[in-house]
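Take a look at the sequence and the model, then read on.

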Amino acid sequence: MTRRGWISQLLFGSSAMLRAPESRTLVCVFLRGGADTLNMVTPFADDRYHRLRPTLALKPPGADSDALLKIDDSWGLHPRMEPLLPLYHEGRMAVVQGVGNDNPTGSHFECQDQVERGIAYGEAAGGGWLGRHLRSRNGPPPGPLSAISIGATLPELLRGAPSASALRSLEDIDIRTPVGDPELAADALSRLYQLPVGLLGEQGRATVELFRRVKALRESPTPPGPGIEYPDDGFGAGLHEIARLIKANVGLEVACIDLGGWDTHFVQGGVDGLHGRRVDLLSRGLAALHRDTAGSGHQVTTVVITEFGRRLYENGSRGTDHGRGFALLALGDGIRGGRVLGDWTGVEEEQPPGPTGLRIAHDYRSVLAELLRGVIGNERVERDVFPGVALQPVGLA
Amino acid sequence: MAEPAHAPSTRRRRVLQGLAGGAGALCLTGCERAISGLGRMAGQSLPEQPSLAATGEDFDPAYHLLNRAAFGPWPGQVDDVRQRGWESWIDWQLKPDAIEDRACDLRARRFESLALAPGNAFELKREVIREELIRHTLLRAVYSRRQLFEVMVGFWTDHLNIDLEKGDCIYLKPHDDREVIRKHALGRFRDLIRASVTSPAMLMYLDGNENRVGDEHGDVPNENYARELLELHTLGVDGGYTQDDVMAAARCLTGWHFSMQGWRRGRVRFEPRWHDSNEQVVLGTTIPAGLGPMAVDRLVDIVCSHPATARHISWKLARRFVAPEPPERLIDRLAAEFTRTDGDIRSVLRVLLLSSEFRLSAGMRFRRPFEFIVASLRAMAADTHAHAPLIEYLTRMGQGPFQHPTPDGYPDEAGPWMGGLLWRWNFALALVSGGVPDVRVDPAGLTRALRRSASGDDTQTDTDMDTGPTEELDLFFRHFTGRPPTDGEREALRDYRAAARLGEGRALEELMGLVIASPGFQVC
């Protein structure tokens, strides 16, 4: 055998390195702080809701312009979720009620860690559940931008991913020559990587191509489509970057982004208060992302999770304390939406060890597993992502 | 390992106090500057005339040895190999205790958290331990003269992987690093495994701590560790063990435990109440009833002396040192040596590094991110104290030390690392231009030193002192990759240089960066 042939065989076996752009992207939005989802997808017809929240309850549909947006006889969306209403009615957004985890500590840190790792309380983790997903999903090896998180550091969610990058913006994807022209350096690297040295040609080409695509994107900023407006803050900018990457065919499979500010113990506020402003940001951002990527030929799925919901009753300072179950939102063309899913038996309290809150009808891992398997197409979910979790489909996919 | 334990010795305290003017506390930049200064005097610097790779077409063998049995050559270190000779160099490295390493100790032995007993580490913040452990590892890899030892520390750290982020492992891993990995890295395989079995960090990481039988626990041992012991640490997944063997091994291991609370926190003890003292049969060998805490020694003997273990460890070593799919004949020879010497790691390594398969394997291994970063720091004779920005590059490339989540350790294959090229390129370009915070380099000085070497180089037929672009390129390739550039490499970079039309100094920096970023430096 020739030396080169031997090298090739030893280094790479027979696996082809070339990959087509992945056409499915999962965006994971983590609402940090424990979101009061009961005031987002609200059981307005349940008297208990109004009794437990004398000042914080949202107004039943029809009352005035700040009243809940009726989606059926039981449920209304927060008035600031209006941008999402069309998606819901088109069947591209679903809500799963009563989702949660078994963590009794009520600690943000502990619960976020647990939800990011995708484990039961006290169980030890093997990285994050998105990391495990990326390692176990079928298909070609992950490319340079298969997984990103918007921010300075990688979240626990992505730990163990074969390749994952924390990006503040597309500016990070650059070739930073000390003085020369990055384009020329890219040319030189491109040529070097096409040489039969180390046989890294495909990966070198993919990387130079990535740089060029993103550079073009940066240099000719494509504004979002007509009428699409991202919120003018970090969250909106991050979603916009995600959309740009999706549309640029860089092979983005998973994107993580946080929206904080949900720890509303004190004066949670009305429709435009502390909580309402977060709901507004979230809704405008998600609506923009999904409208912006709609015609791109990529299937974009968004899942919105939090570490826990809040108490059913408001506290003495017109806020809500740490609770249990929450409503999970899922958006995208692959979602069987237009419905509020989950085993809902009313505004019922959980009486577990730890803080009380909305009754948990669905282990969050089961819902995520249904999504990964049914919508994203990972067939090894039960074995490799959430081993030991009894899957109880709610009809999301 | 006589590399003195990390316990703060009075000598060390005196040295540090002397350096820091009695300030005593750690992490003073003044102190770090002083350490850097002493390091330079002790050889952590550019030699006057670092010798270059031969001008032949093929990889220079001295470079090859240093690329694999070390984390790449420090400028001039190839002289060491040439003067001692290949075999003597290996034998020298196989006895790390005898290798003087004070300059490295000065940089790396400053971290208090690494010296604590596992029970006491709980007083510290997780971030402090994480940072100190990673910095220590990186600094040793870059600066230690006991390079083969450090390479093997890396190998066993993967082999007996422990993820700092799992449970409370972070408080216990420094002890494991010290008393399991470093203590036995070049010792006997059996001793390494025996130490690992009851290492608090491993007991926590693979649930040995929960492996109990008895009244309140029922009769269902936790088999997690026993399974990985057979599947990953010893026999290998195809090693011929059965589920019954896993269960019997798990039963032998019941009752080993360390306390998380009270004055015994972090101390490992054997709790007879939680131990299954019945007779067990593991891999066809009977472990008699009633051995109590000695049952684990029998178990370790059985699994470590199994022929499948000799093959599995030999295969893993060959994969790490030679190529991802090493030749069967080599594995046979290594396994035979493993068996003959009762698992003496030095002897197996010696056979491996002296094998023709090893000699012929230059350029066949893809450098993992850690190896890439360390090799480039060494080739540049960089001065660093391994602060957060440097660690950040590693994390971004996917190989934050001690962060691999699953017990199989960071992969050896090239595939999983292929997504990180862009970050490698940017690291290379930042490194040469002084753009990585806390990493000081001298590309101009290195270029001058290489020119001096070339002009005094007997093997250099072209003794023209003209420092044209081609010659520098040649020097850079010979210095960084251990061979002259191929025609394609020369043309690509010559064209770049012509097109970029940069001033002399910065142009050379950038050229150097591109050589480090080039495919030739990603493999070794």
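**Ground rules**

Two residues count as being in contact if their C-beta atoms, placed from the backbone, lie within 7 Å. This is a predicted model, where local features need pLDDT of at least 70, side-chain atom pairs count only at pLDDT 80 or more, and totals for chains, interfaces and linings use all residues. Residues are numbered from 1 along each chain as its sequence is written, while chains are lettered from A and ligands numbered from 1 in the order in which they are written.

**Chain B as a whole**

Take the contacts in chain B between residues at least 6 apart in sequence: 70% of them join residues at least 24 apart. Chain B has 27 helices and 6 strands, where helices (H or I, at least four residues) and strands (E, at least two) are DSSP runs, numbered from the N terminus. The radius of gyration of chain B is 24 Å, close to the 24 Å that the globule rule gives for 524 residues, so chain B is as compact as a globular protein of that length. That radius is taken over C-alpha atoms, and the rule is 2.2 Å times the number of residues to the power 0.38.

Along its principal axes, the C-alpha trace of chain B spans about 85 × 60 × 40 Å. Of the 524 residues in chain B, 56% are buried, meaning that 20 or more other C-beta atoms, placed from the backbone, lie within 10 Å of the residue's own.

**A helix tucked inside**

Now find α9 of chain B, residues 147–159. Since 12 of its 13 residues are buried, α9(B) is largely enclosed by the rest of the structure. Among the buried ones are Phe149(B), Phe155(B) and Trp156(B). The cover over the buried residues includes α5, α8, α10, α11, α13 and α16 of chain B.

**Where the chains meet**

Here, 45 residues of chain B are in contact with 46 residues of chain A. On the chain B side, α22, α25, α26 and α27 each supply at least two residues. The largest share, 7 residues, comes from α25(B).

Chain A averages a pLDDT of 88, and 94% of the residues score at least 70; pLDDT is the predictor's confidence in each residue, from 0 to 100. Over residues 1–22 of chain A, though, the pLDDT is below 50. Where pLDDT is low, the predicted coordinates should not be read in detail.

Notes:
The expected span of a helix is 1.5 Å times one less than its number of residues.
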